[in-house]
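Let's walk through this one together, a sheet and a helix at a time. Have a look at the model first.

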Amino acid sequence: MSTSANNTASAGSKISVGGLRKSFGSNEVLKGLDVEITEGEVVCVIGPSGSGKSTFLRCLNKLDELSAGTIIVDGFDLGDKTVDLNEVRQHIGMVFQHFNLFPHMTVLQNIMLAPVELKKESKADARATAVKLLNRVGLADKADARPAQLSGGQKQRVAIARSLAVNPDIMLFDEATSALDPEMVGEVLQVIRDLAAEGMTMVVVTHEMGFAREVADRVIFMADGVIVEEGTPAELFGNPQQERTRDFLSKVL
Amino acid sequence: MFRTGKLTVAVTALLALTGGVLGVSAAAASQPSTAVTGETYVIGTDTTFAPFEYREDGELTGIDMDLIRGIAANQGFTVEIKSLGFDAALQALQSNQVDGVIAGMSITDERKLVFDFSDPYFDSGVQMAVAEGNTEITKYADLAGETVVAKRGSEGETFANSIKNEYNFTVKALADSATMYDDVKAGNSVAVFDDYPVLAYGINQNNGLKSVTEKEQGSSYGFAVNKGQNPELLAAFNIGLAELKSGGEYQEILDTYLDAPAASKDTSFFGLLSDSLPALMKGLGLTLLATALSIVIALVLGVLFGFFKVSESRVLRGLASVYVSIFRGTPLLVQAFFFYFGLPQLTGQSIDVLTAGVLTLSLNAGAYMTEIVRGGIQSVDPGQTEAGRSLGLGYVMTMRRVVLPQAVKIMTPSFINQFVMTLKDTSLLAVIGFAELTYQGQQIYASNFRTGETLLIVAALYFIVINLLTMLSNQLDKRFNK
């Protein structure tokens with residue numbers, strides 16, 4: 001782990017974002033974000049489509065390059081070219097809307113790939129860990145199945161198990177339930193809920209307002225590339241201060 | 001003989017001019033023949049120019065072959081014959097890779113600039129022939145309003161063009177004798193103008209034609225050495241030729257090929273099949289060898305440049321794009337000519353036909369493979385890469401474990417397709433004299449004139465081999481890419 005950046009973040013801060021800007025060509029998607037997230041905090045990011053929520057999330061593990069600003073994650077300064085991104089990413093799990101399971105591998109192989117390739121665990125240990133993780137997401141019997149044989153909800157639970165296999169400190173969820181049939185949303189949310197209860201630091205981009213209200217320590221409302229309003233679920237959902245927020249909530253609630 | 005080799009001739013003429021300026025002397029003619037006794041000379045010749053040189057049961061035979069061997073025996077030297085093809089033989093002579101060339105070559109002023117010629121050993125000339133059953137055309141005047149055929153760049157074409165206005169007919173040019181004869185038999189042309197010995201030989205071999213006019217006086221064939229080189233060999237050839245002529249052997253040789261009635265051969269289809277199969281199988285072997293070598297090299301090139309194409313480096317992407325656009329943007333045939341004829345003239349380094357052929361095919365197929373690899377990699381959902389990278393796997397590892405296994409599966413059918421294309425493309429190498437399957441077929445009908453049947457057999461062999469290999473590839477694809 002890097003030590004150099006620890007002093008730049010306040011005590012207990014897991015993610016520190018300052019002045020984050022991101023443009024795709026001439027289109028500025030993020031227009032200066034400042035966010036502090038402390039250890040164990042669950043932050044839900046809500047907002048209309050095109051507000052920049054997903055881009056914000058993808059900047060946190062540098063799947064998208066930032067155009068300006070600073071991001072310090074788990075003590076690593078992502079703007080520092082000498083930082084080993086592969087190392088940083090092992091501290092940050094990410095779950096995608098479309099699961100992105102590896103179709104040519106079994107469920108078990110999907111989960112074991114990173115720990116084994118990164119030489120974090122022996123094959124036998126990785127297998128034991130993978131089985132444990134599958135138990136945890138309730139899919140122990142699917143170990144040898146191929147992704148194509150699973151339902152959407154099962155796929156997403158496997159994807160969560162896969163990102164947990166490298167033992168991350170932070171989990172990022174990018175609309176993890178948006179591609180699911182309604183009856184499968186619950187099983188995935190339950191896994192995320194369990195993780196929250198265990199004290200995992202999480203940033204969750206979601207359209208599930210009920211879930212955000214229930215699980216989040218803090219809710220961030222984004223629109224047009226800026227943070228319009230943030231607060232506890234009670235504050236944000238119960239007493240939104242901004243017209244933009246009220247307008248959005250009136251449409252989705 | 002005046003066949004193609006325009007490139008060779010052009011460069012030859014250029015070299016000749018410089019040679020002339022430098023004052024390279026003409027050979028001293030009358031050296032004592034003892035100078036050659038016991039020596040071994042390498043003689044280049046054409047592959048097939050019946051009846052001067054062609055293969056019978058795998059052995060080189062013909063007027064030129066009997067003549068050079070007879071003269072060698074007479075003068076006490078030995079010859080090692082290299083069947084190179086006409087253009088290649090001339091090139092080899094210029095670069096002193098062979099000591100002499102005998103290939104039914106007309107003595108022309110242009111060629112005299114670069115080579116020293118022996119005394120003429122054969123007086124050729126153009127003659128007209130028509131289909132066996134044709135009774136209407138017996139003289140040039142009967143050609144009015146009709147189309148005749150002649151070999152492109154040959155004396156026959158020159159002659160036909162010189163009289164076409166007088167007799168009011170049209171001249172069409174084709175590449176080789178067998179095709180011309182078929183054209184006449186099929187009725188597309190009413191008559192053919194060809195070198196008289198070639199025509200006489202064909203008629204002897206029952207090619208379905210008959211000659212109806214006397215031959216026109218034409219050029220003479222000569223044996224050639226490189227300008228200023230091997231004067232003793234040239235002298236020995238002249239003396240030997242004179243002695244064979246006075247001893248009667250010379251006439252015997254000519255009679256053997258030009259006057260003797262056709263050997264009674266098995267003319268059934270199965271006779272042709274069993275006669276031609278050994279040569280065709282040899283050709284098929286070379287076809288498969290060239291295909292295998294080319295496809296392996298093309299695969300390596302394709303993977304390399306395919307990765308360049310998807311890399312983040314603009315230089316590498318540019319490099320790959322240039323490579324692909326050059327080899328996709330020019331015809332394979334031009335590439336083959338370039339590597340076989342052009343490159344040696346630019347580098348001064350001769351190149352054997354297999355190397356040139358494999359170079360052509362692999363670079364060409366490599367360009368298509370590059371696009372297949374690029375397409376395969378890019379058709380894998382980018383989410384796959386993101387998932388791999390977000391787990392902390394590096395670029396190479398993500399490629400190797402996540403993207404490529406899926407890309408290969410997508411690419412395999414295209415690979416099989418390219419493999420088949422390359423196998424078929426080997427047939428184009430016949431034009432540079434690579435002795436693969438098509439070439440062997442051409443050799444066979446060049447001497448037996450059974451074009452249709454021979455090509456049918458050649459096509460059937462391609463068909464069988466390609467379909468067997470496709471079936472095998474699909475099986476492997478199914479097994480490994482479930």
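Contact here means heavy atoms within 4.5 Å. Keep in mind that this is a predicted model. With that in hand, start with helix 9 of chain B (residues 249–258): what covers its buried residues includes strand 2 (54–56), strand 3 (59–61), helix 2 (63–75), strand 7 (122–123), helix 7 (196–204) and helix 8 (231–247) of chain B. The buried residues themselves are Tyr250(B), Ile253(B), Leu254(B), Tyr257(B) and Leu258(B). They sit on the same side of helix 9 of chain B, because they cover an arc of only 105° around the axis.

Now over to chain A, where 6 strands make an open, mixed sheet in the order 6-7-8-3-9-10. Its edges are strand 6 (92–95) and strand 10 (226–231), each pairing on one side only. On average, neighbouring strands are turned by 15° against each other, direction ignored. Inside the sheet, strand 3 (residues 42–46) and strand 9 (residues 218–223) of chain A run parallel over 4 bridges, with Val45(A) partnered by Ile220(A) in strand 9. Helix 5 (residues 152–164) of chain A lies across strand 6 and strand 7 (170–174), at about 165° to strand 6.

What about the packing? The largest nonpolar core has 52 residues, and Ile160(A), Phe173(A) and Met202(A) have the most contacts inside it. Helix 6 (residues 182–197) of chain A gives the largest share, 8 residues. Among the residues Phe173(A) touches are Val95(A), Ile160(A), Ile192(A) and Met202(A). A second, separate core of 50 residues includes Val36(B), Ile68(B), Val149(B) and Val192(B).

Technical notes: Residues are numbered from 1 along each chain as its sequence is written. Chains are lettered from A and ligands numbered from 1 in the order in which they are written. This is a predicted model: local features need pLDDT of at least 70, side-chain atom pairs count only at pLDDT 80 or more; totals for chains, interfaces and linings use all residues. Side-chain values use heavy atoms; hydrogens and water are left out. Two strands pair if DSSP finds at least two bridges between them. Helices (H or I, at least four residues) and strands (E, at least two) are DSSP runs, numbered from the N terminus. Axes are lines fitted to C-alpha atoms, for helices over the stretch in contact, and angles run from 0 to 180 degrees between N-to-C directions. Buried means under 20% relative accessible area, exposed over 50%, partly exposed in between (1.4 Å probe, protein chains only). The arc is that of the directions from the helix axis to the C-beta atoms. A nonpolar core is a set of buried Ala, Val, Leu, Ile, Met, Phe, Trp, Tyr and Cys residues joined through side-chain atoms within 4.5 Å. Lists of a residue's contacts leave out its neighbours within four places in sequence.
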